[in-house]
Amino acid sequence: MDSARARKVFQALERFRIEIPSWGFANTGTRFGKFLQPAAAATIEEKLSDAGQVHRFTGVCPTVALHVQWDCPDGVKGTDEIKRLASQFGIQPGSINPNLFQDQAYKYGSFGNPDQSVREAALAHTKDSIEIARRLQSRDISLWFADGSNYPGTANIRQRKQWFIEGLQASHAKLSPHQRMLVEYKPFEPAFYHTDVADWGMALLLARKAGPQAKVLVDTGHHYLSQNIEQIVAWLLSEDMLGGFHFNDRRYADDDLTLGSIDPYQVFRIFHEILYFEWETGNNADIAFMIDQSHNLKGKIEAMIQTVTMAQMLFAKAVIVDRAELATAQKACNLVRAESLVQDAFATDVRPAIEEWRTSKGLPADPMAEFLASGYLERITQERAARNSRSVTSYA
Ligand code: PSV
Ligand code: MN
């Protein structure tokens with residue numbers, strides 16, 4: 001790679017940050033069962049400690065997403081302790097995720113539940129989560145709804161849409177001026193016939209109705225096979241409605257595979273659309289990059305380091321697309337030239353430039369090797385193994 005491109009990579013890495021999820025460090029499974037890992041985190045302290053390791057060795061994950069029910073059992077009262085622990089491990093709380101899907105009350109939905117008292121409880125939990133976020137100085141509240149139905153004829157789809165609008169507007173009214181509300185969509189699971197917020201169009205419409213601080217959250221695993229995610233990204237960017245990502249990879253549905261393990265070119269194309277938008281408009285896209293993966297088989301901290309370094313590499317590859325040349329080729333309908341510019345950047349080995357950047361920051365050139373040599377994994381395995389072999393608790 002020439003020095004001009006290496007400089008571009010350097011500059012871009014200065015601002016590349018990605019958030020890791022607390023639930024990525026806990027024991028999770030599939031609906032068929034759970035394979036317990038001896039080193040899995042069970043408490044908020046352990047999750048923050050593990051997340052701190054990912055940041056320590058990569059230097060690009062200063063924030064951790066929290067799921068309120070799993071991580072904040074003491075609600076608003078527990079926020080000082082969470083802040084204290086986070087700073088002890090060299091990180092900060094990141095986006096706050098209300099849990100509107102796990103309680104028995106949500107069997108028939110949360111914001112879309114026909115029972116008004118359940119809708120009120122869901123709203124109260126969302127408002128509490130916004131307050132937790134405010135106290136933790138977290139900007140983003142990420143909302144994902146499992147609401148939907150399994151059988152035709154069993155739900156009033158239009159009525160539920162209206163209840164969603166009302167719930168989101170009432171939640172939005174509680175936001176502080178600096179906060180944002182991110183509306184996530186998912187085509188199916190757990191509901192199989194209809195999902196209330198099933199795609200980016202529905203999320204966009206709801207976010208617009210909710211208020212000016214609401215944006216759309218794109219979880220890369222939440223699309224039908226072969227869907228063009230980067231086009232969705234480009235459209236949301238042009239509407240100033242893209243708030244953030246939940247990154248993961250998949251083969252079939254919401255598989256939570258490590259980012260780029262199946263289709264690294266797609267992640268690259270997503271980053272390219274963002275960078276192309278920034279280049280054309282001269283604006284920095286204000287987008288939260290977050291990982292949403294919880295690993296059943298891979299070691300959790302290793303999987304997270306692998307994901308973060310993959311994201312960093314794919315971002316660096318997207319940075320070196322020659323956008324001026326690309327714009328010219330696109331205008332001239334020079335298809336082969338345009339496609340080659342994108343493909344050449346993807347094929348470029350950016351790893352030496354990334355290693356140099358890491359070294360210049362006092363970070364290990366190879367975060368994974370350094371982490372594995374640090375002894376942390378052995379220590380936590382020893383400390384947590386006995387407890388973990390007994391516990392069959394879920395995410396929390
Ligand atoms: C749902 O599949 C999801 O993507 C949402 O973001 C949840 O908050 C997260 O996974 C954890 O269950
Ligand atoms: Mn998600």
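User: Which residues is Phe289 in contact with, leaving aside its neighbours within four places in sequence?
Analyst: This is a predicted model, so read everything here with that in mind. Phe289 is in contact with Phe16, Arg17, Ile18, Glu19, Phe245, Phe247, Phe271, Ile274 and Phe315, once neighbours within four places are left aside.

User: And which residues touch the most other members of the largest nonpolar core?
Analyst: Phe289 is one of them, together with Ile18, Ile20, Val54, Phe245, Phe271 and Ile274. That core has 103 residues, and helix 10 gives the most to it, with 11 residues. In soluble globular proteins, nonpolar side chains tend to be buried together.

User: Phe271 and Ile274 came up there. What can you say about helix 9, the one at residues 264–281?
Analyst: Both Phe271 and Ile274 are among the buried residues of helix 9. As for length, helix 9 has 18 residues and reaches 26 Å from its first C-alpha to its last, close to the 26 Å expected.

User: What follows helix 9?
Analyst: Gly282, with a positive phi near 75°.

User: Back to helix 10. Is Gln312 buried or exposed?
Analyst: Gln312 is in helix 10, which covers residues 300–319. Its relative accessible area is 1%, and the cut-off for buried is under 20%, so Gln312 counts as buried.

User: What does Gln312 touch?
Analyst: Not counting residues up to four places away in sequence, Gln312 touches Leu13, Phe16, Val60, Ile354, Trp357 and Arg358.

User: What should helix 1 span, and how far apart are its ends?
Analyst: At 1.5 Å a residue, the 13 residues of helix 1 (residues 3–15) should span 18 Å. The end C-alpha atoms of helix 1 are 19 Å apart, which agrees.

User: Switching topic: where is there a cis peptide bond?
Analyst: Between Glu189 and Pro190, with omega about 10°. Pro190 is in the loop between strand 6 (180–184) and strand 7 (194–195), and Glu189 is found in the loop between those strands too. Glu189 also has a positive phi of about 75° although it is not a glycine. Most residues other than glycine have a negative phi, and most peptide bonds are trans.

User: How exposed is Glu189?
Analyst: Partly: the relative accessible area of Glu189 is 33%.

User: What about Gln137, what is its phi?
Analyst: Phi of Gln137 is near 60°, a positive value in a residue other than glycine. Gln137 lies in the loop between helix 5 (116–135) and strand 4 (140–143). At 61% relative accessibility, Gln137 counts as exposed.

User: Where is Thr258, and is it buried or exposed?
Analyst: Thr258 is in the loop between strand 9 (242–247) and helix 9. With a relative accessible area of 5%, Thr258 is buried. Beyond residues up to four places away in sequence, Thr258 touches Asp249, Gln293, His295, Lys298, Ala303, Gln306 and Thr307.

User: Let's zoom out. How many helices and strands does the protein have?
Analyst: There are 15 helices and 10 strands. The radius of gyration is 21 Å, close to the 21 Å that the globule rule gives for 396 residues, so the protein is as compact as a globular protein of that length. The C-alpha trace spans about 60 × 55 × 40 Å along its principal axes.

User: What share of the residues is buried?
Analyst: Buried residues make up 54% of the 396. The accessible surface comes to about 17800 Å², and 51% of it belongs to carbon and sulfur atoms.

How values were computed: Residues numbered from 1 in each chain as written. Chains lettered and ligands numbered in written order. Predicted model: local features only at pLDDT ≥ 70, side-chain atom pairs only at ≥ 80, totals over all residues. Heavy atoms only, no water. Helix = DSSP H or I, 4+ residues; strand = E, 2+ residues; numbered from the N terminus. Buried < 20%, exposed > 50% of the residue type's maximum accessible area, 1.4 Å probe, protein only. Contact = heavy atoms within 4.5 Å. Expected span 1.5 Å × (residues − 1). Core = buried A, V, L, I, M, F, W, Y, C linked by side-chain atoms within 4.5 Å. Rg over C-alpha atoms; globule rule 2.2 N^0.38 Å. Areas by Shrake-Rupley, 256 points an atom, 1.4 Å probe, with all protein chains shown as cover.
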